[in-house]
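Trainee: Could you walk me through how to read a two-chain model?
Mentor: Happy to. Let's look at it together and take one feature at a time.

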Amino acid sequence: MKTLQTQIERIKARGQKAFVPYVMAGDGHLEEQLLYLQQKGATAIEVGIPFSDPVADGPVIQEAGQRALQNGANLTRILKELHTLQATIHIPLVLMTYLNPIIHYGIEKFVREAEAANVKGLIIPDMPLEEADCIQPFLIETDIALVQLISLTSPLERINKLAAAAEGFIYAVTVNGTTGSQSQFKSNLHEHFEVLERAASIPVLAGFGISTPQQVQEMNQYVDGVIVGSAIVKAFHENNNSHIDELLAAASSPIRS
Amino acid sequence: MTEATIKKGRYGKFGGQFVPETLMTALQQLEQAYEEAKQDPTFQQKLNGYLKDYVGRENPLYYAERLTKKLGGAKIYLKREDLNHTGAHKINNALGQALLAQRMGKKKVVAETGAGQHGVATATVCALFDLECIVFMGKEDVKRQALNVFRMELLGATVVSVDQGSGTLKDACNEALRYWVSNVEDTHYILGSALGPHPFPAIVRDFQRVIGDETRRQILEKEGKLPNTIVACVGGGSNAIGMFTPFVEDEDVALYGVEAAGSGIQSGLHAAAFAELQEGVLHGAYMYILQDEHGFIKEAHSISAGLDYPGVGPEHCHLHDIGRVQYDAVTDDEALEGLQLLSRTEGIIPALESSHAIYYAAQLAKKMKQDEILVICLSGRGDKDVQTVQKALEEK
């Protein structure tokens, strides 16, 4: 079992819920943001690599990405920075990046350097399972988990296939939409989670459009934890750390049922 | 990527389905619906009926006699896609895909557009089949193609101006994809070029190959032999792939794809993905894309909004790599020259996109023998471009 899954399983075994915030590398001070989230009790942190054409992202993360690009952030620089943070950051870091920067970097070289930088997971939003063989073979011998996203549109047969291939945790996309999507959650979302729970032998985390403490608690009734992206990115950008504290508090409070 | 990874929806190593998971099921449904439609004679009949009576096909393969004499070389024929309803080849594909949307029971359509030709074609077929239509168009293109924006609105479509990035076709594609992810259950994405995730490049090629099929039949009727050379412009590459496909097996027919060299390849301000040969993934496909040293997609530059795209369709990438099609690029200034040349010799104002092919073909024709035949795909008419051309010529 890879470290990312072990960490989440450990929390699950204690009857607690995982909380995985997302930060955009290069939008603000990366080390300070990671340290803050670690100190406040995040289970793991998703580190976004900015990209020129982020088709899976909504406005908040798009704008954060633009700021990061203007600050000169890129994959090479971010990997170097993560390498230096190993002494202070002990929770697992999961890279979220579009495929093209990795292809351009060289997939094998990327995996080698991500491993050296102690990266524990990888989320590639524009690489469905059918195309994963461009990177999967290089990850087998590493401690980097290739996280699979499962969407509301995935039919049961496909859910089973994705769940079987998943490592670390299953990223259950909660809306048809981009990150930070403001659309209403479907009223039968819990049925979808039940299907995932049955299909999955690893933890299920919900993400996309979860932005308030109430939503964190609502989701945590059904899943093993949540991923919060846009709300965290926005809070850091606006120096509104108290919102981050509220989200984390909601994640660690007892579950209503 | 190695040979071992070659699979469905691939052209050599190019193509594939690099999209968010939320779209995978829609792509599989589309593929299935398309495979069924291909086998269904009533679908083909319906499509052919509209192509004939609504689009006005078949359109002529016109012998450009004055142009031929002026250049003094090969006998030049023009495939007159500019005479289609809505003024370009884009309607062939929009019509086919709207019928597919109907077949899948989807009542809404989303599309991206660069020059506005695909947007107009999509808005047109949506009016015809009573489909709700939303078109994403880059902010810069909205400015330079204001008339087409108004046309789409007249046809009942909603046009959304995209401010992100460079405000051109690539950014419109990003937004159209985001919209599709959010509305995938009741919406079909009518992709306008031979780009995007499988099965789009195949669908667009198949709906556009009517260009090449007609050309082949027409040239055999008129000349009793196949052309020596065919030239088409390439942005994403839909008119070119439609024209080339029926000739790919005819190895004696030389095929040329012409990209936009913008201000010149050396200037860096161009849209010629084949000039840089950098592989990567954008908008769902593995292809050649303009990108910088970090794998960020570069902005394309061309006077022609329809060629202003940083990538080139996956099947073209493959045809390039196996050496079947030669790809080259023509600058903004040269395209303007091509546009004026055809306007004055034949009384036909071509689209700026097509003008790239005309300029390039003119250079080829001069070096060819008089008993040789050259066909140019005249993909669209130039009415939409006259303001841009006027401005460009005044600035010279």
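**Reading the two chains**

Mentor: Chain A holds 12 helices and nine strands. Please keep in mind that this is a predicted model.

Trainee: How compact is chain A for a protein of that length?

Mentor: One way to judge is to set the radius of gyration against the globule rule. For chain A the radius is 17 Å, close to the 18 Å that the rule gives for 257 residues, so chain A is as compact as a globular protein of that length. The C-alpha trace of chain A spans about 45 × 40 × 35 Å along its principal axes.

Trainee: What share of chain A counts as buried?

Mentor: Of its 257 residues, 55% count as buried. As for contacts in chain A between residues at least 6 apart in sequence, 73% join residues at least 24 apart.

Trainee: Let's turn to chain B. How many helices and strands are there in chain B?

Mentor: Chain B comes to 16 helices and 15 strands. The radius of gyration of chain B is 19 Å, close to the 21 Å from the globule rule for 396 residues, so chain B is as compact as a globular protein of that length. Its C-alpha trace spans about 55 × 50 × 50 Å along the principal axes, and 62% of the 396 residues of chain B count as buried. Among chain B contacts between residues at least 6 apart in sequence, 74% join residues at least 24 apart.

Trainee: What domains does the assignment give for chain B?

Mentor: The domain assignment gives domain 1 (18–50 + 90–204) and domain 2 (58–87 + 208–395). Taken over C-alpha atoms, the centres of these two domains of chain B are 23 Å apart. Their contact takes 32 residues from domain 1 and 33 residues from domain 2. By class, the side of domain 1 that touches domain 2 has 15 nonpolar, 13 polar and four charged residues.

Trainee: How many residues does each chain bring to the contact between chains A and B?

Mentor: The size of an interface is often given as the accessible area lost when the parts come together. Here we count residues instead: 35 from chain A and 30 from chain B. On the side of chain A that touches chain B, helix H4 (75–84), helix H5 (99–105) and strand S6 (148–150) each supply at least two residues. H5(A) gives the most to that side, with six residues. By class, that side of chain A divides into 16 nonpolar, 13 polar and six charged residues.

Methods
Residues numbered from 1 in each chain as written. Chains lettered and ligands numbered in written order. Predicted model: local features only at pLDDT ≥ 70, side-chain atom pairs only at ≥ 80, totals over all residues. Contact = placed C-beta atoms within 7 Å. Helix = DSSP H or I, 4+ residues; strand = E, 2+ residues; numbered from the N terminus. Nonpolar A, V, L, I, M, F, W, Y, C, P; charged D, E, K, R; others polar. Rg over C-alpha atoms; globule rule 2.2 N^0.38 Å. Buried ≥ 20, exposed ≤ 12 C-beta atoms within 10 Å, placed from the backbone. Domains from an automatic or database assignment.
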